[in-house]
Every structure is written in structure tokens, then in C-alpha cells.
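This briefing looks at pockets and at the packing of helices. Please keep the sequence and the structure in view while reading.

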Amino acid sequence: PTAEELDDLLGLREILEVGAARAAAARTLDGEARATLWTRLGEVSAASTADYRRLDSRLHLTLAEIAGVPSLVTVMADNRTRINELLDSFPLLPRNIEHSNRQHEAIVLAILSGNEEGAAEAVREHLEGSAALLRGFLT
């Protein structure tokens, strides 16, 4: 992609995912939603390198589902598909996975505790890392 296309894709991702995390944290989550979020976190944390990207996306899409805006899931899924195509163009490093998993835990804990600003900031920090990787490898 051109630099402008990458900026567009990453800008949309930030708006969608930060907003989803903030909205999810603002909701009173029932036991099922809380359990699903813990399950998704556990799955991505235990994922093999081969399964990591799929389970990472699944966790992120769960945030959209929990936000309670059904059309958000579709838009985020499209954006994630495009992001994943770019991420798949370079190696997935264990060090990056470990760092990402720590960030995922911070995101989930902020959402479960109802900390809207904390959830938004944790997602923003998480996305900044991915954006730096993409820009570093693709531009």
C-alpha cells in the first residue's frame, strides 16, 4: 500500500478499536460476556505462532461484540482482514507476541473493571505498536 493508504487503514483501525474498547468498558457486562472475554484472552495468550493472528483477531472482534453495536463488528472485521494481510507479509516474532499479550491483558482488565479511559489508552498503545511494525516493514 502507499503511505496514504496505510495511514487511512491504521487511522480507521484506531477509531474503531479505541471506540470499541471505550464502549465495552462503559457497559455493565453480564457473566457470559465477562467469561467470553476471559476465554478469548486465554486463547490468544496460549496460541501457537500458527494460530496467533486468528485468535488475536478473535479477541479484538470480541471487544466489538461486547461494545453492543452490531454493525461495528462487520466494519472492524473488514479492517482487521486488511490489516492482517499486511501483517502476514513479515515474520511474527515471539518477542512481539509476548508484548502484545501483556497489552491484551491490560485491555481486558480495563474493560472488566469499567475503566473507559484505561481501556481506550491500552488499546491505543497496543495499536501504536502494530502501526510502527507495519510502517517499519512496509514504508
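On a 1 Å grid over the protein atoms alone, a pocket is an open set of points where a 1.4 Å probe fits, with protein on both sides within 12 Å along at least five of seven lines, and its lining residues have an atom within 4 Å of a point. Grid points are joined across faces, edges and corners, and a volume is the space filled by probe spheres set on the points. The model is predicted, so local features need pLDDT of at least 70 and side-chain atom pairs count only at pLDDT 80 or more, while totals for chains, interfaces and linings use all residues. Residues are numbered from 1 along each chain as its sequence is written, and side-chain values use heavy atoms, with hydrogens and water left out.

**The largest pocket**
- The largest pocket has a volume of about 290 Å³, and of the 18 residues lining this pocket, Arg-53, Asn-96, Ser-100, Ser-130 and Leu-133 are the closest to its centre.
- Two or more lining residues come from each of α3 (49-67), α4 (70-87), α5 (94-112) and α6 (116-138), where helices are DSSP runs (H or I, at least four residues) numbered from the N terminus.
- The largest share of this lining, five residues, is given by α5.
- Sorted by class, the lining has seven nonpolar, seven polar and four charged residues, where Ala, Val, Leu, Ile, Met, Phe, Trp, Tyr, Cys and Pro count as nonpolar, Asp, Glu, Lys and Arg as charged, and the others, Gly among them, as polar.

**The second largest pocket**
- The second largest pocket holds about 150 Å³ of space, and its lining includes Arg-27, Asp-30, Thr-36 and Glu-65.
- The elements that give two or more residues to the lining of the second largest pocket are α2 (31-45) and α3.
- By class, this lining has three nonpolar, three polar and four charged residues.

**How α5 packs against two helices**
- The axes of α3 and α5 come within 12 Å and cross at roughly 20°, where axes are lines fitted to C-alpha atoms, for helices over the stretch in contact, and angles run from 0 to 180 degrees between N-to-C directions.
- α3 and α5 are therefore roughly parallel to each other (angles under 35 degrees count as roughly parallel, and over 145 as roughly antiparallel).
- α2 and α5 pack at an angle of about 175°, with their axes 10 Å apart, and are therefore roughly antiparallel to each other.
- The contact of α2 with α5 (heavy atoms within 4.5 Å) involves residues including Trp-38 and Leu-41 of α2 and His-104 and Val-108 of α5.

Conventions: Parallel < 35°, antiparallel > 145°, perpendicular 65-115°, else oblique.
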